Amino acid sequence: MALAVTAGGLALTGAAQVPAAADTVPSCVKTVTMKEVFGQFGVTMTNGCATEQRVLPTFKLVWSSGPQPRCHVLKPGQESTQWVTPSALPFYDQAFLGLVRC
């Protein structure tokens with residue numbers, strides 16, 4: 001089975017990449033991570049901004065055969081959850097890296 005590192009919407013092999021400053025999401029978009037839920041790792045994103053936000057969650061390691069991070073278009077006050085399949089058990093090596101614009 002192959003592993004993929006997700007950074008900025010691309011499946012890459014190797015170390016995770018840090019998003020560029022221009023790709024950062026405003027602090028009014030809040031996140032909550034959920035670990036080890038039915039074998040998956042998740043993040044809930046809530047748009048507390050006054051404008052629509054397009055966000056892509058990035059993770060340290062994700063199985064390439066499982067759910068892949070996608071762009072979420074959030075209207076003000078809207079919430080969305082992204083689930084991914086961690087790379088290995090236990091999930092201690094899995095991490096949510098943050099949100100980037102998409």
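One definition comes before the first stop: buried means under 20% relative accessible area, exposed means over 50%, and partly exposed is in between (1.4 Å probe, protein chains only). This is a predicted model, in which local features need pLDDT of at least 70, side-chain atom pairs count only at pLDDT 80 or more, and totals for chains, interfaces and linings use all residues. Residues are numbered from 1 along each chain as its sequence is written, and side-chain values use heavy atoms, with hydrogens and water left out.

**Stop 1: the whole chain**

Show everything as a cartoon. The protein has zero helices and nine strands. Helices (H or I, at least four residues) and strands (E, at least two) are DSSP runs, numbered from the N terminus. Of the 102 residues, 34% count as buried. The accessible surface comes to about 5,700 Å², by the Shrake-Rupley method with a 1.4 Å probe, and for residues only the protein chains shown count as cover. Carbon and sulfur atoms hold 57% of that surface.

Contact here means heavy atoms within 4.5 Å. Take the contacts between residues at least 6 apart in sequence: 61% of them join residues at least 24 apart.

**Stop 2: strand β5**

Select residues 53-59. This is strand β5, and six of its seven residues are buried, so the strand is largely enclosed by the rest of the structure.

**Stop 3**

Is Gln53 buried or exposed? Gln53 has a relative accessible area of 6%, so it is buried. Its side chain makes a polar contact of 2.9 Å with that of Thr51. A polar contact is a pair of N or O atoms within 3.5 Å; within protein, one must be able to donate a hydrogen and the other to accept it, and residues adjacent in sequence count only if both atoms are side-chain atoms. Beyond four places in sequence, Gln53 touches residues including Pro26, Asn47, His72 and Arg101.

Move along to Leu56, also in β5. Leu56 is buried at 7% relative accessibility. Its C-alpha atom is 9.0 Å from that of Val73, 17 residues away along the chain.

**Stop 3: Gln82**

Select residues 79-84, strand β8, and pick out Gln82. Gln82 is buried at 5% relative accessibility. A polar atom of its side chain lies 3.1 Å from the backbone nitrogen of Arg70. Show the residues around Gln82: among those it touches are Phe41, Met45, Pro57, Phe59 and His72.

**Stop 4: the nonpolar core**

Select Val25, Val29, Phe41, Val43, Met45, Cys49, Val55, Phe59, Leu74, Val84, Phe96 and Leu99. These twelve residues form the largest nonpolar core. Such a core is a set of buried Ala, Val, Leu, Ile, Met, Phe, Trp, Tyr and Cys residues joined through side-chain atoms within 4.5 Å. Strands β4 (40-47), β5 and β9 each supply at least two of its residues. The largest share, three residues, comes from β4. Center on Leu99: its contacts beyond four places in sequence include Val25, Val29, Met45 and Val55.

**Stop 5: the disulfides**

Where are the two disulfides? A disulfide is a pair of cysteine sulfur atoms within 2.5 Å.

Select Cys28 and Cys49, whose sulfur atoms are 1.8 Å apart. Cys28 lies in the loop between β2 (10-12) and β3 (29-37), and Cys49 in the loop between β4 and β5, so the pair ties together parts that are 21 residues apart in sequence. Cys28 is partly exposed at 26% relative accessibility, whereas Cys49 is buried at 8%.

Next select Cys71 and Cys102, with sulfur atoms 2.0 Å apart. Cys71 is in the loop between β6 (62-63) and β7, and Cys102 is in the segment after β9, 31 residues apart. The torsion about their S-S bond is about 70°, so this disulfide is right-handed. Cys71 is partly exposed at 27%, and Cys102 is partly exposed at 34%.
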